[in-house]
Amino acid sequence: MTVKEQLQLVVAGMSEAEAEQALALVNGARAGATPVDVYGTAWGQVLYGVDPATLTATGTPTIQIPPGIPHIA
Amino acid sequence: MNHDQVQVRALAPGDLQDLAAFACSAGTPWEELVQQQLRGPLPRRYLAAPPRFDGRMLIARGPDGRLLVVGAHHIEPTLVPVVGYTEVIAVAQHARGTLIGLPDTEQVSLGHFMLLTIFQQMRLLGRHRRTFARIDRRNTASLALCDRAGLSDEHPDPHHPGLVQRWGELPQ
């Protein structure tokens with residue numbers, strides 16, 4: 001079976017919504033465009049210029065996640 | 001509203017219609033920017049995010065199905081483990097002031113609830129323990145939210161003088 005045939009089988013098993021999402025992913029990947037954030041900075045560039053010390057974990061969390069917060073996979 | 005009355009899930013193409021009319025701005029420049037992005041390109045940007053950025057947009061709806069709050073985060077793949085960047089938290093105008101009841105703790109705002117949900121997802125995904133958001137310096141409400149949520153370490157943003165970066169550390 002060719003890759004295109006495998007792809008057709010995968011698409012045939014998708015709902016319309018899943019296919020729409022998959023198409024958006026394919027189009028985005030084919031376009032090769034790097035997304036930018038709401039401030040116009042390219043994704044993947046946001047940490048450039050940040051003091052490396054900022055990225056060093058101290059082992060002491062500043063964030064507490066209380067019970068009742070959803071687990072979204 | 002109790003926490004189990006809020007349904008949070010990943011953005012799906014079927015949500016785009018609701019987002020096109022999403023109102024989260026009271027007129028400030030930073031709110032207008034986010035509202036314009038959410039009504040326009042941002043959701044599709046997340047749906048089509050290249051895998052290396054693992055873009056995730058979460059939406060939360062209330063018991064009546066109305067959209068309450070939107071959050072979006074992706075990774076900045078410079079380090080291993082990758083660093084999670086919370087790009088947007090936006091509360092619907094009609095839901096402003098709503099508090100969410102959590103077990104064993106005080107109530108939290110909808111924005112705080114979504115930010116904690118993002119942190120929970122980052123933790124589950126094994127992100128770098130250091131995480132951050134970028135905030136307009138004039139946006140005192142979001143800066144206060146960062147303080148409450150543990151993003152309290154402030155640094156200038158190297159790309160934009162009008163922004164600050166707020167950093168914090170996730171629990172294991």
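In chain B of this predicted model, residues 24 or more positions apart account for 56% of the contacts with a separation of 6 or more.

**Overall build**

Chain B has five helices and nine strands. Read from the N terminus, its elements run β-α-α-α-β-β-β-β-β-α-β-α-β-β. The radius of gyration is 15 Å, close to the 16 Å that the globule rule gives for 172 residues, so chain B is as compact as a globular protein of that length. The table lists some values for the chain.

| Property of chain B | Value |
|---|---|
| Radius of gyration | 15 Å |
| Box filled by the C-alpha atoms, along the principal axes | roughly 40 × 40 × 30 Å |
| Buried share of the 172 residues | 47% |

**The core**

In soluble globular proteins, nonpolar side chains tend to be buried together. Here, the largest nonpolar core has 50 residues. Among those with the most contacts inside this core are Leu58(B), Val69(B) and Met114(B). Helix α4(B) gives the most to the core, with eight residues.

Take Leu58(B). Leaving aside neighbours within four places in sequence, Leu58(B) is in contact with residues of chain B including Val8(B), Gly71(B), Met114(B) and Ile118(B). Leu58(B) is also in contact with Ile72(A), a residue of chain A.

**One face of a helix**

Which residues of α2(B) are buried? They are Glu31(B), Val34(B) and Leu38(B). Seen down the axis of α2(B), these buried residues fall within an arc of 65°, so they line one face of the helix. An α-helix has 3.6 residues a turn, so residues three or four places apart point the same way. The buried residues of α2(B) pack against α1, α3, β3 and β4 of chain B.

**Where the chains meet**

The contact between the chains takes 55 residues from chain B and 38 residues from chain A. Several elements of chain B each supply at least two residues to the side that touches chain A, including α2 (29-39), β3 (67-76) and β9 (163-169). Which element gives the most? It is α4(B), with seven residues. By class, this side of chain B has 29 nonpolar, 15 polar and 11 charged residues.

**An exposed residue**

Thr140(B) lies in helix α5 (residues 140-149) of chain B. Is Thr140(B) buried or exposed? Thr140(B) counts as exposed because it has 10 C-beta neighbours inside 10 Å, and the cut-off for exposed is 12 or fewer. The C-alpha atoms of Thr140(B) and Tyr85(B) are separated by 19 Å. Along the chain, these two are 55 residues apart.

Definitions and conventions:
Residues are numbered from 1 along each chain as its sequence is written. Chains are lettered from A and ligands numbered from 1 in the order in which they are written. This is a predicted model: local features need pLDDT of at least 70, side-chain atom pairs count only at pLDDT 80 or more; totals for chains, interfaces and linings use all residues. Two residues are in contact if their C-beta atoms, placed from the backbone, lie within 7 Å. Helices (H or I, at least four residues) and strands (E, at least two) are DSSP runs, numbered from the N terminus. Ala, Val, Leu, Ile, Met, Phe, Trp, Tyr, Cys and Pro count as nonpolar, Asp, Glu, Lys and Arg as charged, and the others, Gly among them, as polar. A residue is buried if 20 or more other C-beta atoms lie within 10 Å of its own, exposed if 12 or fewer, and partly exposed in between; C-beta atoms are placed from the backbone. The arc is that of the directions from the helix axis to the C-beta atoms. A nonpolar core is a set of buried Ala, Val, Leu, Ile, Met, Phe, Trp, Tyr and Cys residues joined through C-beta atoms within 7 Å. The radius of gyration is taken over C-alpha atoms; the globule rule is 2.2 Å times the number of residues to the power 0.38.
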